[in-house]
Every structure is written in structure tokens, then in C-alpha cells.
Amino acid sequence: MKIKTFILTGIFFLLFSAITFAQEDSLAVERRGLTEAPLPDPGDYEPYNPLAPAKAAFYSTILPGLGQAYNGRYWKIPIAYAGLGVGIYFYIDNDRQYDRYRDAYKDRLAGRVDEFAGRISLDRLVDAQQFYQRNKEISILVIAGIYILNIIDANVDAHLQQFNVSEDLSFKPNMDFNSLTGKTNYGLSLNFKF
């Protein structure tokens, strides 16, 4: 019995001494003087610029895509020009078709032979002119809409670049299984960290 107590005491002493020796501060640094280190440079910090959204919108108004370049979102420039290009393409195509049917209508009224003679009636020529005229107007609206969206995108993007996005404020949807009722609970959680 004494031997067991002696062995247990010895093991306890060895473990306790090993733990106390392991508690030395490995990060301790000697201070040689009272000089203070300079404050770290805040790498990504940019001061708030209240005119940045207006400047980005103005640039996009002058030349579509220039506001996106000002914001550093270069990948949006081809999207803006593709949208404008598609609208312009359809406007030109609808204008050609409108002119074609209008010329055929004028030729038929003047008694000349047109390219649709015998295939399309006079009423259908009028309907085709109205159809392509409406498509031309829709193309103009699409071009204007994409141009305005380009300006709004540059403005909003410049606003959001100055918005503080940190982990101190989070908004998370969550889903929890209620074991009492056997149903799923849905909810939203808004967390503030100070």
C-alpha cells in the first residue's frame, strides 16, 4: 500500500512539475527602450468621399461605362456596351424592315409593282409598317433604359464602395427543427457586435 501511494505521489509530482515548466511565456520579448512602434498603416482604408457617387454618375452620363471604370468595376463595361449594342442593332434592323414595307406601300399606292406584289395585301403592308414602327420605339426605350441603368449602377456602386461591410453587423436567415412539435421553425437573426 505504501508503495502504491509512493508511486502515485511520484507520478503526480512529475506531472505537476511538467505542467509548471510548460507554462513559461514563449512570446515574451525584452524591452530595450521606451520607443513606441508606429501605428500600422490602414491598407484598404479610403476616406469618405461624398462626391464619389455624383462623379461616377456624371462619368457614366458622359460616356457609358466610364463610371464603372471610375469605380474599378471593369467587368461591367462590356455588359453595358453589349446591352446598348443589342438595342441599337434591333433599332437599325426594325428601321430597315419598316422602310422596306413603307416603300412597298407607297409603290402600290402609286400603281407601281412592289416586291410583295401578289403575296401581301395592302392591309398587311399597313400592319407590317405598324409592327416595325412599334418595335423601333421599343428598341429606343430599351436603349434609353440600359443607358439609365448604366448611370444608376455607377452611382449605387460608388455609394456601396464607401459602405462599411464588417462582421460586426450580420443578418442571417436560419432554420431550426423544433423537437417538441416536430415542425421546422423559420426565422431571421440580426446580430450586433460591439
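Accessible areas come from the Shrake-Rupley method with a 1.4 Å probe, and for residues only the protein chains shown count as cover. On that basis, the protein exposes about 16,100 Å², of which carbon and sulfur atoms supply 64%. The model is predicted: local features need pLDDT of at least 70, side-chain atom pairs count only at pLDDT 80 or more, and totals for chains, interfaces and linings use all residues. Residues are numbered from 1 along each chain as its sequence is written, and side-chain values use heavy atoms, with hydrogens and water left out.

**Overall architecture**
- The protein has five helices and two strands; helices (H or I, at least four residues) and strands (E, at least two) are DSSP runs, numbered from the N terminus.
- Along the sequence, these elements follow the pattern α-α-α-α-α-β-β.
- Of the 194 residues, 19% are buried (under 20% relative accessible area; exposed means over 50%, and partly exposed lies in between, with a 1.4 Å probe and protein chains only).

**Nonpolar core**
- A nonpolar core is a set of buried Ala, Val, Leu, Ile, Met, Phe, Trp, Tyr and Cys residues joined through side-chain atoms within 4.5 Å.
- The largest such core has seven residues: Tyr98, Tyr101, Ala104, Phe116, Leu125, Ala128 and Tyr132.
- Helices α4 (77-110) and α5 (122-161) are the elements that give two or more residues to this core.
- Beyond its neighbours within four places in sequence, Tyr101 is in contact (heavy atoms within 4.5 Å) with Phe116, Ile120, Leu125, Ala128, Gln129 and Tyr132.

**Helix α2**
- The buried residues of α2 (residues 52-62) are Ala52, Pro53, Ala56, Ala57 and Ser60.
- Because these residues cover an arc of only 135° around the axis, they lie on the same side of α2; the arc is that of the directions from the helix axis to the C-beta atoms.
- This buried set packs against α3 (66-71) and α5, whereas the face turned away from it carries the exposed residues Phe58 and Ile62.

**Aromatic pairs**
- The structure holds six aromatic pairs (ring centres of Phe, Tyr and Trp, the last by its six-membered ring, within 6.5 Å; planes under 30 degrees apart are stacked, over 60 edge-to-face, and the rest tilted).
- Tyr59 and Tyr70 form an edge-to-face pair, 5.3 Å centre to centre with 75° between the planes.
- Tyr59 lies in α2 and Tyr70 in α3, so the pair ties together parts that are eleven residues apart in sequence.
- Tyr101, Phe116, Phe131 and Tyr132 form one aromatic cluster.
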